[in-house]
Structures are given as structure tokens and as C-alpha cells.
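Work through the exercises below with the structure in view. Each task is followed by a solution in steps.

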Amino acid sequence: MASGLQAECWTEELNCAICLDFFTDPVSLGCGHNFCRSCIIRSWEKQENRSCPECRQVTAERKLQVNRALAKIVEKAREFSLDPTLTAVNRQCEKHREDLKLFCETDKKLICSICRDAKEHRGHSFLPIDEAAEFYMTHVMAEFAKMHQSLTDREQRVMCDLKQREEEVLLRMETNLREIQCKLDSVEQELSELQTQMGKDALTFLQVKR
């Protein structure tokens with residue numbers, strides 16, 4: 001069964017480090033940290049070097065990568081109201097002042113037992129809050145695992161690409177060095193021949209140079 005501590009732990013992962021609320025239009029920086037698009041833009045407006053608010057790594061380009069996977073997870077969390085800041089008052093039905101003990105799967109909202117029997121929820125599917133929390137928390141954790149694997153794969157591809165580029169650069173450098181060495185050898189050969197000619201009498205040297 002999902003505990004309040006688990007919910008709070010996972011909810012922290014869904015919060016922007018700047019506004020401390022659920023991500024809105026989450027974007028990723030080159031360092032891998034995520035922020036609300038509006039939050040990071042406002043933060044950068046106060047900076048000159050456009051660094052990450054968490055790790056301070058400077059972003060070379062003002063390019064923000066949309067994190068669609070994280071956006072979907074946040075959407076699911078919002079549907080089930082996984083916000084740990086909700087108080088006991090918030091946990092009561094505004095209409096009937098009864099405790100919210102059920103989760104309507106059809107409307108994706110918390111309801112009380114009186115709401116369940118109301119006409120507007122007739123024919124809907126319901127789950128006890130604990131069961132719904134466990135189900136959706138498992139879903140959220142699975143989505144996080146997928147996102148983590150996706151980011152890991154992306155990191156490996158980037159590292160592989162960088163290594164390949166490094167090898168290509170080194171190969172070009174080695175080729176250029178060989179060409180330069182060949183030219184140096186040719187120049188040294190010409191200098192050697194010139195020195196040999198200069199070792200002879202001046203007349204012979206001048207006749208050769210005409």
C-alpha cells in the first residue's frame with residue numbers, strides 16, 4: 001500500500017526547484033535538470049551566463065528541451081491530487097462536508113460517499129483512496145522508470161557520439177600532421193641539396209640556379 005511518505009517523496013520529484021510547485025510545461029537543460037519553462041526563463045532574465053539554478057552549470061545555448069514524459073507524469077499526479085500540502089479541510093467534500101474516501105475513476109476526482117450515490121456519478125467506477133493511491137503511485141513510478149531509462153539511453157548516445165566525433169577529429173589531426181611532416185621532409189631535402197650546392201664554388205652554384 002502506498003504510504004504518505006512515498007507520495008510525498010515522489011511528489012518532490014514532480015516539483016520545480018524554482019517555484020516549488022508541480023511542473024508546468026516542464027523543460028530540460030543540458031545538465032539534465034528540469035524546470036517550468038516560465039520559471040527558468042524568468043530566472044535567466046536576472047542572469048548574464050544562463051546557468052542552471054541547481055548545479056550552476058552554464059548553458060551554452062538558450063535552448064530548452066521539452067520534457068513530454070515528465071509532463072505526462074505531472075498530469076497523472078494532478079489528476080489524483082498527490083499534493084502533500086492538502087490539509088484535512090481540503091480532504092473534505094466541499095458540497096457535503098464529508099470525508100473524501102473514494103476516487104472516481106471516470107471523473108478522475110476524489111469524492112465522498114454521498115457523491116457516489118448522486119445522479120452525476122451514477123454508473124461510474126470507484127476505488128477506495130488507498131487502493132487508488134497504490135495503483136496510480138505504481139503507474140507514476142513506472143513512468144519515472146521509463147523516463148529514467150530514456151534519459152540514460154540518451155546520455156549514452158550523446159557520449160558515444162562525442163567519442164566518435166573525438167576519434168574523427170583525432171584522425172583528421174593525424175592526417176594533417178602526416179601531410180605537414182611530408183612537406184617538412186620535402187623542404188629539408190631541398191635545403192640539404194641547396195647546402196650541398198653552396199659548398200661548391202660560387203660559379204657552379206650560380207650556374208645551377210640560373
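**Exercise 1: a pair of charges**

Arg-37 has a relative accessible area of 26%, so Arg-37 is partly exposed. The model is a predicted one.

Task: find which residue forms a salt bridge with Arg-37, and state where the two partners lie.

Solution. Step 1: the partner is Asp-25, with the closest N and O atoms 2.8 Å apart. Step 2: Asp-25 sits in the loop between helix H1 (4-13) and strand S1 (26-28), while Arg-37 belongs to helix H2 (residues 37-45), so the pair ties together parts 12 residues apart in sequence. Step 3: Asp-25 has a relative accessible area of 39%, which makes it partly exposed.

**Exercise 2: a second pair**

Task: decide whether Asp-117 is buried, partly exposed or exposed, and name its salt-bridge partner.

Solution. Step 1: exposed means over 50% relative accessible area. Step 2: Asp-117 has 58% relative accessibility, so Asp-117 is exposed. Step 3: its partner is Arg-116, and their closest N and O atoms are 3.3 Å apart. Step 4: Arg-116, at 35%, is partly exposed.

**Exercise 3: the largest pocket**

Task: describe the lining of the largest pocket by class and by source.

Solution. Step 1: the pocket holds about 710 Å³ of space. Step 2: its lining has 20 residues, and those nearest the centre include Gly-30, Cys-31 and Arg-154. Step 3: by class there are 8 nonpolar, 6 polar and 6 charged residues. Step 4: helix H5 (residues 129-198) gives the largest share, 8 residues.

Notes: Residues are numbered from 1 along each chain as its sequence is written. This is a predicted model: local features need pLDDT of at least 70, side-chain atom pairs count only at pLDDT 80 or more; totals for chains, interfaces and linings use all residues. Side-chain values use heavy atoms; hydrogens and water are left out. On a 1 Å grid over the protein atoms alone, a cavity is a set of points where a 1.4 Å probe fits but cannot get out, and a pocket is an open set with protein on both sides within 12 Å along at least five of seven lines; lining residues have an atom within 4 Å of a point. Grid points are joined across faces, edges and corners, and a volume is the space filled by probe spheres set on the points. Helices (H or I, at least four residues) and strands (E, at least two) are DSSP runs, numbered from the N terminus. Ala, Val, Leu, Ile, Met, Phe, Trp, Tyr, Cys and Pro count as nonpolar, Asp, Glu, Lys and Arg as charged, and the others, Gly among them, as polar. A salt bridge is a side-chain nitrogen of Lys or Arg within 4 Å of a carboxyl oxygen of Asp or Glu. Buried means under 20% relative accessible area, exposed over 50%, partly exposed in between (1.4 Å probe, protein chains only).
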